[in-house]
Amino acid sequence: MLSKPDNWIVRTEQIAKANGCGRDSIQSALREIEAAGYLVRTETRNAAGQ
């Protein structure tokens, strides 16, 4: 992920496909690294509030 551009949007499906594992295992790993403080998630909305 560090090799991706700054404006790259991370999606669990993309990570799972690139690594040949399931989406659930990626989500579990992301929760673990978020709990450890290595990941910060931000939610964005478009102009229509979606």
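In helix α1 of this predicted model, Thr12, Ile15 and Ala16 are buried, that is, under 20% relative accessible area with a 1.4 Å probe and protein chains only, whereas exposed means over 50% and partly exposed lies in between. Viewed down the axis of α1, its buried residues fall within an arc of 100°, so they line one face of the helix; the arc is taken from the directions from the helix axis to the C-beta atoms. Lys17 and Ala18, on the other side of α1, are exposed. The buried residues of α1 pack against α2. Gly20 follows α1 and has a positive phi, near 65°.

Thr12 counts as buried because its relative accessibility is 14%. Beyond its neighbours within four places in sequence, Thr12 is in contact (heavy atoms within 4.5 Å) with Arg23, Ile26, Gln27 and Leu30.

The largest pocket holds about 490 Å³ of space. Among its 14 lining residues, Ile9, Val10, Arg11, Arg41 and Thr42 lie nearest its centre. Two or more lining residues come from each of α1 (12-19) and α2 (23-35). The lining divides by class as follows.

| Class | Lining residues of the largest pocket |
|---|---|
| Nonpolar | 8 residues |
| Polar | 3 residues |

A pocket is an open set of points on a 1 Å grid over the protein atoms alone where a 1.4 Å probe fits, with protein on both sides within 12 Å along at least five of seven lines, and lining residues have an atom within 4 Å of a point. Grid points are joined across faces, edges and corners, and the volume is the space filled by probe spheres set on the points. Helices are DSSP runs (H or I) of at least four residues, numbered from the N terminus.

Because the model is predicted, local features need pLDDT of at least 70 and side-chain atom pairs count only at pLDDT 80 or more, while totals for chains, interfaces and linings use all residues. Residues are numbered from 1 along each chain as its sequence is written, and side-chain values use heavy atoms, with hydrogens and water left out.

Definitions and conventions:
Nonpolar A, V, L, I, M, F, W, Y, C, P; charged D, E, K, R; others polar.
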